[in-house]
Amino acid sequence: MEKNKVNIDQNETVIHVDDVSKSFGDLHVLRNVDVRLYKGENLVVLGRSGTGKSVLIKLISGLLSPDTGNVRVLGETVNELDDRELRALRQRIGFSFQNSALYDSMTVRENLEFPLVRNKRNLTRAEIDKEVEEVLEGVGLSQAINQMPSELSGGQRKRIGIARTLILRPDIMLYDEPTAGLDPITCLDINSLINEVQERYNTSSIIITHDLACAKMVGDRMVMLLDGKFERQGTFQEIFDTEDKRVKPFYDYNFIV
Ligand SMILES: Nc1ncnc2c1ncn2[C@@H]1O[C@H](COP(=O)(O)OP(=O)(O)OP(=O)(O)O)[C@@H](O)[C@H]1O
Ligand SMILES: [Mg+2]
């Protein structure tokens with residue numbers, strides 16, 4: 001179930017978390033963390049609950065600032081941007097959160113139009129329709145265009161959530177636990193979609209997950225947060241070829257060996 005190799009340009013870094021530390025009071029969550037995301041790459045971030053994976057995403061999107069170090073995204077130092085610059089940068093980043101909140105009172109079509117109309121004000125009706133239809137087709141849900149979110153399954157809602165993000169053609173996608181709470185077949189579907197997004201749009205993505213099958217299927221490279229640092233980095237085999245008691249249970253639990 002390992003993924004196909006894709007073209008990754010290691011000369012182009014789209015995210016560089018550079019020697020970043022972040023504490024909340026006495027809680028030292030990230031300690032001099034250094035990690036890069038290369039252009040076109042799917043990077044999986046593993047780590048126990050509460051180790052700071054979501055904090056990492058919040059630092060990348062400028063929702064939090066590092067105590068020390070720099071976060072560089074698409075050539076910009078996030079912690080030095082003013083509000084307007086930060087908004088412009090965020091438009092180039094797509095987020096897929098655990099409960100991809102769709103607007104329940106809007107149809108799928110209206111949900112997808114919403115970010116387009118808000119962010120690209122000069123599109124014609126025909127252009128909007130075309131974008132919506134194209135992105136829906138991309139996530140395999142063309143037939144759901146006039147449905148309400150309440151009529152969709154959890155996996156379908158997740159797909160629509162991803163489509164809504166993709167409609168702005170982000171350079172970077174950040175997926176926070178994309179398969180949490182989904183059945184195995186839907187998980188496979190979402191994992192395939194993550195790979196399709198990478199191949200179709202040449203997006204660079206960070207995927208946070210506890211699901212090692214997902215990690216294996218979507219990750220070109222993996223990093224594991226342990227005690228505030230990315231001590232383990234590499235391929236699936238490289239990460240798990242260890243007797244480290246902080247690492248082995250992830251594997252044992254996922255594959256029930
Ligand atoms: N804004 C904040 N203020 C105070 N503490 C915070 C804040 N954000 C996160 N934390 C703390 O930082 C730690 C890491 O949180 P984070 O949400 O990054 O964990 P996580 O690795 O994403 O966990 P999970 O796998 O459960 O989602 C937690 O102890 C959390 O309580
Ligand atoms: Mg989290």
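**Entry 1: salt bridges.** For these notes I call it a salt bridge when a side-chain nitrogen of Lys or Arg is within 4 Å of a carboxyl oxygen of Asp or Glu. I am working from a predicted model, so I keep that in mind throughout. Aspartate 129 and arginine 125 meet that rule, with their closest N and O atoms 2.8 Å apart. Both residues sit in helix α4 (residues 125–138), and they are 4 residues apart, about one turn of the helix. I noted aspartate 129 as partly exposed, with a relative accessible area of 22%. Arginine 125 is also partly exposed, at 46%. Through salt bridges with shared partners, Arg109, Glu113, Arg125 and Asp129 join into one network.

**Entry 2: the wider count.** How many salt bridges does a search of the whole structure find? I got 15. As a reminder to myself, side chains of opposite charge can pair when their charged atoms come close.

**Entry 3: pairs from strand β1.** I looked up aspartate 18, whose side chain meets that of arginine 72 in a salt bridge (3.4 Å, N to O). Aspartate 18 is in strand β1 (residues 9–24) and arginine 72 in strand β4 (residues 68–73), so this pair ties together parts that are 54 residues apart in sequence. Aspartate 18 has a relative accessible area of 22% and is partly exposed. Arginine 72 is partly exposed as well, at 31%.

I then turned to lysine 22, which forms a salt bridge with aspartate 67, the closest N and O atoms being 3.7 Å apart. Lysine 22 is in strand β1 and aspartate 67 in the loop between α1 (53–60) and β4, so I logged a link between distant parts of the chain, 45 residues apart. Is lysine 22 buried or exposed? Its relative accessibility is 9%, and the cut-off for buried is under 20%, so I put lysine 22 down as buried. Aspartate 67, at 44%, counts as partly exposed.

**Entry 4: a charged patch.** On the surface I found a patch of negative charge where Glu76, Asp82, Asp83 and Glu85 gather. I picked out aspartate 83, which is in helix α2 (residues 83–90). With 60% relative accessibility, aspartate 83 counts as exposed.

**Entry 5: threonine 186.** This residue belongs to helix α6 (residues 184–201). The side chain of threonine 186 makes a polar contact with the side chain of aspartate 183, at 2.5 Å. I have threonine 186 down as buried, at 18% relative accessibility.

**Entry 6: backbone angles.** Most residues other than glycine have a negative phi. Which way does phi go at glutamate 177, positive or negative? Glutamate 177 is not a glycine, yet its phi is positive, about 50°. I located glutamate 177 in the loop between β7 (172–176) and α6, and it is buried, with a relative accessible area of 18%. Aspartate 227 also has a positive phi of about 50° without being a glycine. Aspartate 227 lies in the loop between β9 (221–226) and β10 (229–234) and counts as exposed, at 53% relative accessibility.

**Entry 7: valine 44.** I finished in strand β3 (residues 42–47), where valine 44 is found. Valine 44 is buried, with a relative accessible area of 0%. Its C-alpha atom is separated by 25 Å from that of leucine 136, which is 92 residues away along the chain.

Technical notes: Residues numbered from 1 in each chain as written. Chains lettered and ligands numbered in written order. Predicted model: local features only at pLDDT ≥ 70, side-chain atom pairs only at ≥ 80, totals over all residues. Heavy atoms only, no water. Patch = residues over 30% accessible without salt bridge, like charges linked within 9 Å, V, L, I, M, F, W, Y side chains within 5 Å. Areas by Shrake-Rupley, 256 points an atom, 1.4 Å probe, with all protein chains shown as cover. Lys, Arg positive; Asp, Glu negative; His and termini not counted. Charge placed at Lys NZ, Arg CZ, Asp CG, Glu CD. Helix = DSSP H or I, 4+ residues; strand = E, 2+ residues; numbered from the N terminus. Buried < 20%, exposed > 50% of the residue type's maximum accessible area, 1.4 Å probe, protein only. Polar contact = N/O pair within 3.5 Å; in protein donor to acceptor, adjacent residues only side chain to side chain.
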